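Let's walk through this model together, one contact at a time. Keep the structure open beside the text as you read.

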Amino acid sequence: MEKYTPQREFADRRLKVSGARTYFYVNEAQCEKNMETFINCIDAVSDATYGTGFAAIKMTALGRPQLLMQLSETIARTRQYFHKVTGTCGGAVISSDISSDVFKARFKQEAIGPVDNEAVQKWLDNMTYDKKGLIHLFSWSGLIDTNMLLQDVFRVPNLVTGKMEPLISTLTKEEEEMFKNMMRRLHTIFQYAQERDVRVMVDAEQTYFQPAISRLTMELMKKYNTEKAIVFNTYQCYLKNTYNDLVLDLEQCYRQKFFFGCKLVRGAYMEQERLRAEALGYEDPINPSFDATSEMYHRCLLEALQKIKKNKEDGCPTKIAIMVASHNEDTVRFTIRNMKQFGVQPEDRLICFGQLLGMCDHISLPLGQSGYSVYKYVPYGPVNEVLPYLSRRATENSSLMSKLQKERSMLWKELIRRLRTGKFVYRPEGKYVPIGAQIVKE
Ligand SMILES: Cc1cc2nc3c(=O)[nH]c(=O)nc-3n(C[C@H](O)[C@H](O)[C@H](O)COP(=O)(O)OP(=O)(O)OC[C@H]3O[C@@H](n4cnc5c(N)ncnc54)[C@H](O)[C@@H]3O)c2cc1C
């Protein structure tokens, strides 16, 4: 077994990760190149599928990952601050019954008099509210849409002195510039995706980046998902907190009236996450067992289906699109059973399935033949980079290997059957209409 030390953590983020590509920060020029590659990918999807396909991006390829880690820590500190002031837990942060009065009352109680303090009053005024209550403590849209500095956005009143102070650790001018660059690259990608009408999934990565990735993706959704779901966030159901995060994000979409694009996965970094938690001495963020992960996956899916049903019953437009990205047959069966139960038809195009190219065709093909939308995830790149990636997957991922064995034995059986019957060409007999078949090239 490879020896894990916290010091190696950033030196090799691939440690014990076989199912995901890892980008290492080289310099800003490399991030620009990565952005161009993602743009080319959007072009390829648009040309090949007339807008029905998906492209996928990784945020760590588009800027300095260290910044995503700092932002994730700041989100954790925001939650702690929110809890300290209001006595309730918040996401990052949505609450239906908290108003600025709660903060004012607490500040008064602390006798710090910040309500009279101009800077604090401005801070209170800048919180994001709707009729139901607080949505965010900070102006996230200010962060991603304007030239505000991270250091200026993440400031809160100190509960003892009443003075505004930053929640984020000190950043240099260069780091602030790098963050702006990352935001600019993300906007370039999503503006282009919107123009070409291509949906883009933002991959989920390690827990020390993920809060920032997820939060920024939600803000991008708010901006680009006004007419349809262009931006998709990824939810890793092996994480203990995922169900709560998904509920809050669904609530935000509903309250701020934008489309919720969601890719549901179990998660690809389990071993590394557990090793890191053990090495650094914090609670393991992963569910205790495979069954607990599956239960959370199914609970997240049911939550989305319930929201879809409620929207339909209320006569509201259903602004939810889900990709069930899994090779697990039980999860695929569970999804189909519950789609029927909740009255969601394949042709509604609200739920689709995703599997890796070359994996589980015995699941993808029947799904497609029955009229469900199915996507094959295609790893691409220079041969010298893709082959080692694929071979790592093949040798390290035992659960996928057992699925491949099953598929191989099914292919043999089918080959023998065709040889015996003399019918070599397979023509499906069902009267299905493939999703997207109605799209004709002009
Ligand atoms: C289209 C597509 C997109 C993907 N995008 C992402 C992404 O953005 N981010 C990402 O992290 N992954 C992503 N994945 C990978 C995915 O998270 C899984 O690693 C992989 O698909 C295996 O899960 P499964 O449901 O297919 O199969 P299964 O074999 O049923 O599940 C295996 C998974 O279950 C979980 N698990 C296994 N044992 C335990 C245990 N003891 N305790 C708790 N959990 C356990 C782990 O997550 C493991 O990977 C993607 C997969 C696909 C197909």
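**Salt bridges between helices and along one**

R185 is buried, at 1% relative accessible area (buried is under 20%, exposed over 50% and partly exposed in between, with a 1.4 Å probe and protein chains only). This is a predicted model, where local features need pLDDT of at least 70, side-chain atom pairs count only at pLDDT 80 or more, and totals for chains, interfaces and linings use all residues. Residues are numbered from 1 along each chain as its sequence is written, and side-chain values use heavy atoms, leaving out hydrogens and water.

What does R185 pair with? R185 forms a salt bridge with E32, their closest N and O atoms 2.8 Å apart (a salt bridge puts a side-chain nitrogen of Lys or Arg within 4 Å of a carboxyl oxygen of Asp or Glu). The partners sit in distant parts of the chain, 153 residues apart: R185 in helix α8 (residues 173–196) and E32 in helix α2 (residues 28–49). Helices here are DSSP runs (H or I, at least four residues), as are strands (E, at least two), numbered from the N terminus. E32 is partly exposed at 22% relative accessibility. A network of salt bridges links E28, E32, R184 and R185.

Helix α8 also holds E175, whose partner R64 lies in the loop between β1 (54–57) and α3, 111 residues away.

For a local pair, look at E295 and R299, joined by a salt bridge at 3.5 Å, N to O. They are separated by about one helical turn because they lie four residues apart in helix α12 (residues 290–313).
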